[in-house]
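User: I would like to go through this model by question and answer, with each term defined where it comes up. Could we begin once the sequence and structure are in view?

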Amino acid sequence: MKKIALGSKLPVFSLKDQDNKIINSHDFIGRKNLVIYFYPKDDTPGCTAEACSFRDEFEDFKTLDAEVIGISSDSPASHKKFAEKYNLTFRLLSDEDNEVRKLFRVPTNFLGLLPGRVTYIIDKTGIVQHVFNSQFNARKHVSEAKKILESLS
């Protein structure tokens with residue numbers, strides 16, 4: 001399977017969120033734009049900064065008719081604790097076996113030791129409109145996502 005890139009169709013996947021509810025990617029097609037961001041680990045400095053930036057701009061994403069979804073290999077219980085600690089207003093999906101990360105072919109960093117930090121912007125038709133990969137500039141993922149979503153409006 002090819003890497004998910006600009007112009008790719010959103011793959012179908014299902015994962016549990018922080019409330020143990022199963023979320024299906026295909027449920028958003030035709031309804032919402034999607035911002036799917038893969039991040040390394042709950043409650044680490046860069047990941048917390050990124051999540052809180054998405055939280056702080058959440059109303060803007062709602063105005064842009066977008067659903068924000070964070071994905072990491074942490075458990076639903078870890079996601080719940082992380083979401084409650086920082087009052088996160090969006091879904092965190094648990095990819096404990098890294099199957100969805102592999103499906104998207106999200107690269108690793110630091111000689112394969114750290115899971116990559118990549119954000120995908122998917123339009124309402126399910127087509128990837130932008131991919132942003134930056135391990136060290138976690139907050140830039142939010143501004144990049146908003147810029148692309150504004151161009152889709």
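**Questions on the model**

User: Between which two elements is the loop that holds Asn87 found?

Analyst: This is a predicted model, in which local features need pLDDT of at least 70 and side-chain atom pairs count only at pLDDT 80 or more, while totals for chains, interfaces and linings use all residues. Residues are numbered from 1 along each chain as its sequence is written, and side-chain values use heavy atoms, with hydrogens and water left out. With helices (H or I, at least four residues) and strands (E, at least two) taken as DSSP runs numbered from the N terminus, the loop that holds Asn87 is found between H3 and strand E5 (91-94).

User: How many residues does the largest nonpolar core have?

Analyst: A nonpolar core is a set of buried Ala, Val, Leu, Ile, Met, Phe, Trp, Tyr and Cys residues joined through side-chain atoms within 4.5 Å. In the largest one, the residues with the most contacts inside the core include Val35, Phe54 and Leu88. Elements that give two or more residues to this core include strand E3 (33-38), helix H1 (45-56) and helix H5 (140-152). The size of this largest core is 23 residues.

User: Which residues does Phe54 touch, leaving out those up to four places away in sequence?

Analyst: Phe54 is one of the buried residues of H1, and what covers the buried residues of that helix includes E3, H2, E4, H3, strand E8 (118-122) and H5. Taking contact as heavy atoms within 4.5 Å, and leaving out residues up to four places away in sequence, Phe54 touches Val35, Tyr37, Phe61, Val68, Phe90, His141 and Val142.

User: How far apart are the end C-alpha atoms of H1?

Analyst: The expected span of a helix is 1.5 Å times one less than its number of residues. H1 has twelve residues and should therefore span 16 Å, which agrees with the distance between its end C-alpha atoms, 16 Å.

User: How many disulfides does the structure hold?

Analyst: A disulfide is a pair of cysteine sulfur atoms within 2.5 Å. Cys47 is in none, as its nearest cysteine sulfur, that of Cys52, is 11 Å away. Cys47 is buried at 1% relative accessible area, and Cys52 counts as buried at 13%. The number of disulfides in the structure is zero.

User: What is the angle between the planes of Tyr37 and Tyr39?

Analyst: Rings of Phe, Tyr and Trp (its six-membered ring) pair if their centres lie within 6.5 Å, with planes under 30 degrees apart counted as stacked, over 60 as edge-to-face and the rest as tilted. Tyr37 and Tyr39 belong to one aromatic cluster that also includes Phe54 and Phe61. Their own pair is tilted, with 5.4 Å centre to centre and a plane angle of 35°.

User: Which residue of E8 is the bridge partner of Val35?

Analyst: Five of the five residues of E8 are buried, so this strand is largely enclosed by the rest of the structure. Two strands pair if DSSP finds at least two bridges between them, and five bridges join E3 to E8, which run antiparallel. Within E8, the bridge partner of Val35 is Ile121.

Conventions: Buried means under 20% relative accessible area, exposed over 50%, partly exposed in between (1.4 Å probe, protein chains only).
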